[in-house]
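This report describes selected features of one protein model. Look at the sequence and the structure before reading on.

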Amino acid sequence: LRNTVERVADTGLALLILGENGTGKEVVSQMVHYLSSRSDEPFIAVNCAALTETLLESELFGHEKGAFTDAHEARQGKFELASGGTLFLDEIGDLSLSGQAKLLRVLEEKVVVRVGGSIPIPTDARVIAATNQNLSEMVKEKRFREDLFFRLNVVTIELPPLRDRVDDIMLLAEHFLADFCTKARRTVPTFAPDAVTRMRQHAWPGNVRELRNLMERLAYLTQG
């Protein structure tokens, strides 16, 4: 995974990161950004699942003053803010079909037009998309545009779930626990053999995020 990231980081190629919730898709996208020549420029993350149809264009492309009722002043969109840097589109599979069409147009033309505006604004943002969904299946079911899928899917990085990386569990657990104990000003507790067994057998549906949250809880609340 690290080798792939290092190879593609400075290429400018579109990147699609696949993996379950909590596997570290945004961490990988940040790694790509900071290893690239764009590292001094902005890294802007957008959660597509949180964008309603009405908010989508304004959030991504910006709006001019008076474009709609609450538009009291002109505002740059995420594409403009990320120009020269990296735009991370998380949960891309949750974007509506009309939103997908608008996104594809911007990716192809590399210009945005703000809502209520008419001037094309050039954007040079590198786009990294991520999802926990199976986009190939969604394309077959006509829920995701095939042309957008191929546009985003130049290089694919798949993040394995934590249950498939059993040997990493304790490495990560000890790293997170030490980090949180330093913040909590506590001595780092050690894991009993039963605890190690239990952790290695757990399925970790929330993956690394679940493990990290558990270590934070232990650092502050454990008494033994």
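N207 is buried, at a relative accessible area of 0%; buried stands for under 20%, exposed for over 50% and partly exposed for values in between, with a 1.4 Å probe and protein chains only. The model is predicted, so local features need pLDDT of at least 70 and side-chain atom pairs count only at pLDDT 80 or more, while totals for chains, interfaces and linings use all residues. Residues are numbered from 1 along each chain as its sequence is written, and side-chain values use heavy atoms, with hydrogens and water left out.

**Backbone angles and accessibility**

Most residues other than glycine have a negative phi. N207 is not a glycine, yet its phi is positive, about 55°. N207 lies in helix α10 (residues 207-221); helices (H or I, at least four residues) and strands (E, at least two) are DSSP runs, numbered from the N terminus. K110, also not a glycine, has a positive phi of about 55°. K110 sits in the loop between α5 (97-109) and β6 (111-112).

| Residue | Relative accessibility | Class |
|---|---|---|
| N207 | 0% | buried |
| K110 | 44% | partly exposed |
| G116 | 65% | exposed |

G116 belongs to the loop between β6 and β7 (121-122). Apart from neighbours within four places in sequence, G116 is in contact (heavy atoms within 4.5 Å) with E64 and A67. From G116 to P42 the C-alpha distance is 25 Å, and the two are 74 residues apart in sequence.

**Nonpolar cores**

A nonpolar core is a set of buried Ala, Val, Leu, Ile, Met, Phe, Trp, Tyr and Cys residues joined through side-chain atoms within 4.5 Å. The largest one has 30 residues, and F79, L89, I92 and F144 have the most contacts inside it. Elements that each supply at least two residues of this core include β2 (43-47), β5 (86-90) and β8 (126-131). Helix α5 gives the largest share, four residues. A second, separate core has 15 residues, among them I169, L177, C181 and L211.

Which residues does L89 touch, not counting those up to four places away in sequence? They are V46, C48, L60, L103, V127, I128, A129 and A130.

**Strand pairing**

Strands pair if DSSP finds at least two bridges between them. Strand β1 (residues 15-18) pairs with β8 in the parallel sense over four bridges. Four bridges also join β1 to strand β9 (residues 155-158), and these run parallel. L15 stands opposite I128 in β8, and its bridge partner in β9 is V155.
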